[in-house]
Amino acid sequence: MSTVRTTFSLPARALHWTMAALILAMLFIGAGMVATVSEKHQWLLAIHKPLGLAILLLAIVRLMIRLRNPPPPLLADLPALQKLAAHLSHWLLYALMIAMPLIGWAMLSAGGYPVMLTSSLRLPAILPENALVFAWLRTAHGMLAYLLFLTFLAHMGAALYHGLIRRDGVLRSMVRGNSSSTPSMAPDEDRVAGDTMPD
Amino acid sequence: MHDSRPPARPTGNGVRWALIAAPVAAAGLAFAYVGGWLTPHRLTAGRLVDELQRNGGGVHPGYRRNHAKGVCVAGYFEGNGNASAYSTALVFAAGRTPVVGRFAIPGGNPYAPDGSVPIRSMALRFNLPNGQKWRTGMNSMPVFPVATPQAFYAQQVASRKDPSTGKPDPAKLAAFFAAHPETAAFRAWAKTAKPSASFVTDSYYGLDAFYFVDAQGERHAVRWRMAPEATDTNPAPAGDHNYLVSDLKQRLATGPQRWHLLVTLAAPGDPTDDATKVWPADRTTIDAGTLVLTGEQAQDSGPCRDINYDPTVLPAGIAISDDPLLPARSAAYADSYLRRTREQAHIPGTAAPTHAQSEAAR
């Protein structure tokens, strides 16, 4: 048993919480900037693009860390449906955090917009200009943003459920380091798992 | 998801469930608030475009929600270097920058008679050699009627057509103008303005202020306009509702049509946040180069169709000012662009014509 990780590695935890803040900020920035007609529209838009690129790069690093360092296994006593939900929601989160920036970048390219990260730094277009492709990608970007937000809500709810109701150490595995600091846990609770956390 | 399942420990978990539900609900509500769904009276880009759409006579699939009737033009801008001391934008250096533009008349109805409004517009997209773009949308009046998006929205609401007469209610319009004295300069202009017979003989004003940024990083508040070389203004032909495009074709058949880009530098204290106020006539004005238009194409199939002439798409060397109309234009144009490209793409839930007219966008 001592060879099985009971918590996430430090890089995994650091990336998780950093990206949680960035992605949540990104979702609110996106929802706000398409609605508002105030000066916020311009500065939210100015943050959205470089932040999206940062999230894409971090997500790629995170995926590599995840593939090299398997997360703690799921709890054995978790109902099958919850296990399935855990696996699906985590891979959905990974897919979305990589797909959303790419779709955003592709959609601006197809829409003929210069992809300006700053007032002078421009990313190259990754698709030729095509209004129909723009329309589909822009629609997907919006719909998937809602899906990402709902998945985030479910993820946060599930994490709190593990922490407050099941009290099974799953939440702690992403909050704290090595579980040797929690020797008082019951044996089955020590077999900490990663069903709510995508790392 | 998980939190709807029965708890593993069945007793005394009410408070804990509340601690789970509260942050989830709070996050959901905050998101809905930011998206404008909880505040139906707050002006959003979507609500602004809805109003333009209504005044344009409903949805005309594939068309812009404002300045719906127009024509594509193409040519180039010949910079002369005069503005390079004030802006590092490559477009101002001596040399040619390709341009795809669009002439239009305001309003959301793509079938409106050319003589129905005295305003014409010119939109331009400059493709700079470094891949950056400059987009600008200009109008043929020297001042904008209102200074803020809220006032613009109120103007649209006051201009709603009365279903019984098919025209705006004069009392509502009068009430709007009385409540908005900043419209005085525009109204004074509109009183004498006649619908021109040609796109080519009009001046087009950028209206909003911008900043030019020079090589030292210094900002210079500016406004620009396109001044035509052609001045042979004739009365508009009677009985023809689409004379502007035929005139443009005729003139382009005889040769390229030219405008001079005149850039006015603000003096300290000139307002940059109020498009209803002209700057004094004695301000320094630079002739920054010549716009040369060489060809036109129908907007249904021309290269301007798929361009969003968002005036905040700017190259390095030009920046937006604090004019509150600029972010509103950017947000509303993006919404209009999304609506019409979705209709072109036949994305489910769109492209439902409200008219018998079968003319689609393409």
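This is a predicted model: local features need pLDDT of at least 70, side-chain atom pairs count only at pLDDT 80 or more; totals for chains, interfaces and linings use all residues.
Local features are given only at pLDDT of at least 70 and side-chain atom pairs only at pLDDT 80 or more, while totals for chains, interfaces and linings use all residues. Residues are numbered from 1 along each chain as its sequence is written, and chains are lettered from A in the order in which they are written.

Figure 1. Along the sequence, the elements follow the pattern α-α-α-β-β-α-α-α. Chain A has 199 residues, of which 42% are buried; a residue is buried if 20 or more other C-beta atoms lie within 10 Å of its own, exposed if 12 or fewer, and partly exposed in between, with C-beta atoms placed from the backbone. Of the contacts in chain A that link residues at least 6 apart in sequence, 70% join residues at least 24 apart. Two residues are in contact if their C-beta atoms, placed from the backbone, lie within 7 Å.

**Figure 2. The side of chain B that touches chain A.** Contacts involve 46 residues of chain B and 40 residues of chain A. On the chain B side, at least two residues each come from α1 (14-34), α2 (45-55), β10 (318-320) and α7. This side of chain B comprises 27 nonpolar, 13 polar and six charged residues. Here Ala, Val, Leu, Ile, Met, Phe, Trp, Tyr, Cys and Pro count as nonpolar, Asp, Glu, Lys and Arg as charged, and the others, Gly among them, as polar.

Figure 3. Helix α7(B) spans residues 325-344, 20 residues in total. From first to last C-alpha it reaches 28 Å, close to the 28 Å expected at 1.5 Å a residue; the expected span is 1.5 Å times one less than the number of residues. In α7(B), 20 of 20 residues are buried. Just after this helix, His346(B) adopts a positive phi of about 55°.

**Figure 4. Loop residues of chain B with positive phi.** Most residues other than glycine have a negative phi. His67(B), in the loop between α2 and β1 (69-79) of chain B, has a positive phi near 50°. His67(B) counts as buried because 26 C-beta neighbours lie inside 10 Å. Leu207(B) lies in the loop between β5 (204-205) and β6 (210-213) of chain B, and its phi is positive, at about 65°. Leu207(B) is buried, with 24 other C-beta atoms within 10 Å.

Conventions
Helices (H or I, at least four residues) and strands (E, at least two) are DSSP runs, numbered from the N terminus.
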